[in-house]
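Please open the structure in a viewer and keep the selection tool at hand.

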Number of protein chains: 6
Amino acid sequence: MLLQLSTWPEVENYLSYSTGIIIPIGSTEQHGPTGLIGTDAICAEVIAKGVGEATAAMVGPTLHLGMALHHTAFSGTISLRPSTLIQVVMDYITCLAVSGFRRFFWINGHGGNIATLKAAFAETYYHLANLNIPHADEIRCEIANWFMCREVYQLAKKLYGDQEGSHATPSEVALTQFVYPDLIKTATLDTQVASGYPIYGAADFRRHYPDGRMGSNPALATPEQGQQFYQLAVKELSNSYLEFIAKA
Amino acid sequence: MLLQLSTWPEVENYLSYSTGIIIPIGSTEQHGPTGLIGTDAICAEVIAKGVGEATAAMVGPTLHLGMALHHTAFSGTISLRPSTLIQVVMDYITCLAVSGFRRFFWINGHGGNIATLKAAFAETYYHLANLNIPHADEIRCEIANWFMCREVYQLAKKLYGDQEGSHATPSEVALTQFVYPDLIKTATLDTQVASGYPIYGAADFRRHYPDGRMGSNPALATPEQGQQFYQLAVKELSNSYLEFIAKA
Amino acid sequence: MLLQLSTWPEVENYLSYSTGIIIPIGSTEQHGPTGLIGTDAICAEVIAKGVGEATAAMVGPTLHLGMALHHTAFSGTISLRPSTLIQVVMDYITCLAVSGFRRFFWINGHGGNIATLKAAFAETYYHLANLNIPHADEIRCEIANWFMCREVYQLAKKLYGDQEGSHATPSEVALTQFVYPDLIKTATLDTQVASGYPIYGAADFRRHYPDGRMGSNPALATPEQGQQFYQLAVKELSNSYLEFIAKA
Amino acid sequence: MLLQLSTWPEVENYLSYSTGIIIPIGSTEQHGPTGLIGTDAICAEVIAKGVGEATAAMVGPTLHLGMALHHTAFSGTISLRPSTLIQVVMDYITCLAVSGFRRFFWINGHGGNIATLKAAFAETYYHLANLNIPHADEIRCEIANWFMCREVYQLAKKLYGDQEGSHATPSEVALTQFVYPDLIKTATLDTQVASGYPIYGAADFRRHYPDGRMGSNPALATPEQGQQFYQLAVKELSNSYLEFIAKA
Amino acid sequence: MLLQLSTWPEVENYLSYSTGIIIPIGSTEQHGPTGLIGTDAICAEVIAKGVGEATAAMVGPTLHLGMALHHTAFSGTISLRPSTLIQVVMDYITCLAVSGFRRFFWINGHGGNIATLKAAFAETYYHLANLNIPHADEIRCEIANWFMCREVYQLAKKLYGDQEGSHATPSEVALTQFVYPDLIKTATLDTQVASGYPIYGAADFRRHYPDGRMGSNPALATPEQGQQFYQLAVKELSNSYLEFIAKA
Amino acid sequence: MLLQLSTWPEVENYLSYSTGIIIPIGSTEQHGPTGLIGTDAICAEVIAKGVGEATAAMVGPTLHLGMALHHTAFSGTISLRPSTLIQVVMDYITCLAVSGFRRFFWINGHGGNIATLKAAFAETYYHLANLNIPHADEIRCEIANWFMCREVYQLAKKLYGDQEGSHATPSEVALTQFVYPDLIKTATLDTQVASGYPIYGAADFRRHYPDGRMGSNPALATPEQGQQFYQLAVKELSNSYLEFIAKA
């Protein structure tokens, strides 16, 4: 069930038997010469929908904007500041907590979001404890990074080895190709690609990663591989979600 | 062109001949017993894509969360606080301004967003004037409310008369039916429906509008009407967009 | 009754029979070559006092600073940022809500305030719902723009036609002349005056409206007309106020 | 010259020979059973106007709301939170600094404002240093508390001795009586009045100062004394202002 | 008892017989050519520990960063903005208030902190009144500036006369020499030292106080004098603390 | 060199040959029945000083307060909210960047700080890029968690196996015993200790970890082991620091 495609009485009915919700969060950021700017949101959303179907869970609207300040020296990147994202997450959870939701399962498509999400959850628990929300201390959030699913990770290693890299990876590009098979972009990629340099500010990032890739070779990606990643991630995260909501 | 489905070099190329971008903003809020919670985002997004195609303009990622605090007494509504939304809009524009965008055409699906958007634009212009962005004083934002397009408004009046109402309207429901013809929801709607009561806080709103509708009869909506609204809005807003970016 | 000229026991007594209060809000911004910088506050305040007398209502202290960021390229303009004004409005209402006030009637002298005020009211209702204030959900705000009163508007059209314009208008200048008949300023006004250009940032505004007027000819104003505007506005807004506080 | 009663070209002209401005700041707070809620703003404003006349200085609009959180358990008190007041002061100064003002002389009517004003000035200097304002490092603020003028203080001691107290004092009440001789309020004042208890939160304040006075006997005040205070304060602060703007 | 060196059960036990806590707050700022950057924190901390021992009171962790924006043109100064410090103080007190503490005795080593601390306390009282903390209206804060203790002040005058100055004073330098006798720094100090110039922004401060001292001659300091200051301050503030927590 | 124990000319001199600084950050939070509340700050500080000595690096003042909201249901815990900590870190770095520092090496004693620190660094880089600081894009931060040093981790596993746990661990307790050998606390520890339960809000945390420990047996700790941890951490982090500042 997609929250966006439900009516409020349907949501009310859902809440009579479940307090869990799945929330996709991505990012809007450069993904190298051939990767889609929306890659992280596309991946998070399609997997969240898959998990929602597999588990009959409610899926909330996708947060397209994440924490990508280090990519802002590349055209088209749109990032929230961490302090803005914290407020967005706080508002998102608080409204749904008022509705009655208690278990928030965040399917995340961008490593750069993790730190701010964790900070936001901590601030939200604290904030909610002082509102007039019954059982506010039962509210729980969990981050599920699809790209860190064990079998996803193993398949990526097997298919791409070191060329998986850590940004604009063939695995995430493959997944977007599975979703948008007509939108496969190509470019002449430098075979030498920087990797291993830590992330600081945006100008520094671009100096060290001039085409935006971090150690990756996205040319290896195919839509069929994307489908495999999709299936593995949906399967593993469906289990994770069910465990999450079952926990006392 | 959708920003989310473009690569950063494609965006860079686009910026060599245009600095305009279309941004859909909706809301995640109850739309009466039969309206989809995502109605405002769905409408804004589909029209934005239509305008983007008609004018070869870039379309940014949809903001699903808007200012809907008055609907938060209904399950499933998710609203940003105005002060949060101002920060989100400021971050959105600032990042794109750094990229080189100068004309921001916001296609809006929710009347409740207008005030906060206007406030956010004013704060953003002021903020940008103090950053190191060349030609920051040429940055312009315009709000285009699809439901206030002249021909859209006239058609709604003609088709529904007073039963158009002002929230969970048959026109917006029709548009979502055009987009999702398989998701037409039905319910027994009270023929008596409140209208004309001003909007204050969430609990007060629900007391006065117990099923969430404001003077509307969404049962009148059909997908075919939705298509008409779509076409009228795309045509009118395409003209508006072209005028907006052409202005000296 | 003016709050500023009352004692706290007098306010306590007032609250025993009324929970309504009138709040004038203006702006401190350029009003063309001959208009007073305080025009919007002066107009809002004098009308608020008139309405207060006519209805025996409490009138709070005037907010002199509003949202006028687009005028800040002209000397003497002082504007709050929207995010600041939201906090000011929230503090203003919250304190009075703690006292027991429940109906806030904002008499506004500046179109540029409307958006931020609406955003602020929404945020305030939401904020108050989580404080320990009894009957917080009965708190209501209404904006009354004196210049949009039906008869005010009609008289302005009749007296000035198109030369009313939309900023530094003869109607508002006339009203300040009625209040300060000794302070009628004159200047050689260009007969060509820009109009119709939308409002973006401050530098852009000044480029398009070089002397600060927006389509207006304030030289048409007289103190006698100002008195007429005053009387019409007080009459209409007194009715509006009484309806506002009478509503269940 | 009052900024509110000037046009922008008049302000521009003023800036050609002076960069000084006087800003009255008061508070909206209970002043005991007979003191006006607006006492602090009334006193600051009338003295600021007097100093402005005596020194041909520009006088900005009065800030009616100050930091009076400890008085909020009494009906009618309206306070800004310190963090809000800091933003207001920052916006006020920043706008005028953009205009070209460099010397800000704050005539203050409320002891409770001093701490927050000082904090606000520090934050503003720091903020301005990072904006594109020429000579931002020449911006200076000074607080002038009229009630701490040497001769004002001495006269109060002479007239009232210990009954001057520290809130709702006869000296400030006298000054408001001078301004509003028709608004002299009376009440039976308990001859026992609390004093010397430190200020903490609002409920605590009211428990210790049940009628709002702090050690004062405002019944001693007369309008004639108010006139004396007015003259002494205007004289002393005029000198202070002239010294302030003359300093290299 | 030092909070940092206690276990939580020990704190819980302490709270069974006392709700008082001592909090040292300093600053990290230039102290002239020979003064330690940490002078204010060192002094506050050592005296706080002394008072804690003398009164068997709990001592919280030292806040090393205070409000020193005007010193930031000198290398090594680290200051919080006032608005940041307000949030820090609010979080500090709120957490301890949740634990059960009710009396907060702030031993302060830096005059520049006083204004922001007072603002922070006011905002905290107000904030706490709306949380679910029992007896929140009994929470009290007091600032104790060790350098303003009567006997400390008298000794400094006696030892140094006018050469005490107001920043990088021999008295505070002496106290740090008592704490760190092996870290006595020397430099050729200009015998002419600026004094009496008010504090505005950082660049302005450095122009007027080029080596960072304000009217002081820290070369007069000795560790033995430091010990005397220590003893006087501990004695006086121990009495102050005991009176503070004993007050009904 | 400790910044707090240096003069500003010494810092200026240091900056002539190095732009690196080490910053210890801890937390003030319960550490089980026997662990010191200041454990994380004590560990970070002592190791930072050791690294500073080994590398002749400047060491800034310790941040005693970190992100420990989940521990606030235990007496004595003091936490900053993430949004506060972000501001503190931003102020800390900005001031030192103005001084000329460019490499910030954060020695961290608390896992719960990592997420917020990362968020804060990203926001700081972005913020600094818009200030007038030369070479702002060369500013870099690195987090060094002493407890995650390879040899520290291995020794802890070897000494304690599973009883190391993840909070109030014997390794960190041992390190505090090395620093404060006279402050070794004992208590009867339940041999059954919860572990593996994720961290949500404060009340939930205490329900699942009733004495505050997470899977640990701090009774295994000895001061001698603490010394070993100290030496291993200082050695490894000294290398890390030198690599960090040497990187182009």
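Two rings of Phe, Tyr or Trp, the last taken by its six-membered ring, count as a pair if their centres lie within 6.5 Å. The model shown here is predicted, and over all its chains it holds 90 such aromatic pairs.

**Stop 1: two ring pairs**

Select A:Tyr14 and A:Phe101 to begin. Their rings form a tilted pair, at 6.1 Å centre to centre and with 35 degrees between the planes. A:Tyr14 belongs to helix H1 (residues 8-15) of chain A, while A:Phe101 is in the loop between helix H3 (82-99) and strand E3 (103-108), so the pair ties together parts that are 87 residues apart in sequence. Are these two residues buried or exposed? Both A:Tyr14 and A:Phe101 are buried.

F:Tyr92 and F:Trp106 are both buried.

**Stop 2: rings across chains**

Select A:Trp8 together with B:Phe74, B:Tyr197, B:Tyr200, B:Phe205, B:Tyr209 and C:Tyr125. Ring pairs join these residues into a cluster.

Then turn to chains C and D. C:Arg206 lies over the face of D:Trp8, 4.8 Å from the ring centre. In the other direction, D:Arg206 lies over the face of C:Trp8, at 4.8 Å from the ring centre.

**Stop 3: the nonpolar core**

Which residues have the most contacts inside the largest nonpolar core? They are A:Trp106, B:Trp106, C:Trp106, D:Trp106, E:Trp106 and F:Trp106, in a core of 463 residues. Select C:Trp106 and display its surroundings. Neighbours within four places in sequence aside, C:Trp106 is in contact with residues including C:Ile23, C:Leu63, C:Tyr92, C:Phe121, C:Cys141 and C:Ala144.

**Stop 4: a covered helix**

Select helix H6 (residues 170-179) of chain D, which is mostly covered, with eight of its ten residues buried. Among the buried residues are D:Pro170, D:Glu172, D:Leu175 and D:Gln177. Their cover includes helix H2 (39-55), helix H5 (150-160) and helix H8 (223-246) of chain D.

**Stop 5: a histidine and a serine**

Select C:His31, in the loop between strand E1 (20-25) and helix H2 (39-55) of chain C. C:His31 is buried, with a relative accessible area of 0%. Its side chain reaches the backbone oxygen of C:Glu29 at 2.9 Å. Beyond residues up to four places away in sequence, C:His31 touches C:Leu36, C:Ile37, C:Thr39, C:Asp40, C:His167, C:Ala168 and C:Glu172. C:Pro9, by contrast, is 22 residues from C:His31 along the chain, and their C-alpha atoms are separated by 40 Å.

Go on to A:Ser83, in helix H3 of chain A. Why does A:Ser83 count as buried? Its relative accessible area is 17%, and buried means under 20%. A polar contact of 2.6 Å joins the side chains of A:Ser83 and F:Glu123.

**Stop 6: chain against chain**

Colour the model by chain and select chains E and F. Here 51 residues of chain F are in contact with 51 residues of chain E. The two chains bury about 4,000 Å² between them, 60% of it on carbon and sulfur atoms. F:Gln4, F:Leu5 and F:Trp8 supply 19% of the area that chain F buries against chain E, more than any other three residues.

Now select chains A and B, whose contact takes 51 residues from each chain. The area buried between them is about 4,000 Å², of which carbon and sulfur atoms give 60%. In chain A, the residues that lose the most area to chain B are A:Gln4, A:Leu5 and A:Trp8, together 19% of what that side buries.

Chains A and D, however, do not touch, and their nearest C-alpha atoms are 17 Å apart. Chains B and E do not touch either, with nearest C-alpha atoms 17 Å apart.

**Stop 7: positive phi angles**

Finally, select A:Ala168, which has a positive phi of about 60 degrees although it is not a glycine. A:Ala168 sits in the loop between helix H5 (150-160) and helix H6 (170-179) of chain A, and is buried, with a relative accessible area of 0%.

C:His135, another residue other than glycine, has a positive phi near 60 degrees. C:His135 lies in the loop between helix H4 (114-128) and strand E4 (140-145) of chain C, and is exposed, with a relative accessible area of 52%.

Terms used. Residues numbered from 1 in each chain as written. Chains lettered and ligands numbered in written order. Predicted model: local features only at pLDDT ≥ 70, side-chain atom pairs only at ≥ 80, totals over all residues. Heavy atoms only, no water. Phe/Tyr/Trp six-rings, centres within 6.5 Å; stacked < 30°, edge-to-face > 60°. Helix = DSSP H or I, 4+ residues; strand = E, 2+ residues; numbered from the N terminus. Buried < 20%, exposed > 50% of the residue type's maximum accessible area, 1.4 Å probe, protein only. Lys NZ or Arg CZ within 6 Å of the ring centre and 35° of its normal. Contact = heavy atoms within 4.5 Å. Polar contact = N/O pair within 3.5 Å; in protein donor to acceptor, adjacent residues only side chain to side chain. Core = buried A, V, L, I, M, F, W, Y, C linked by side-chain atoms within 4.5 Å. Buried area = accessible area lost by both parts, 1.4 Å probe.
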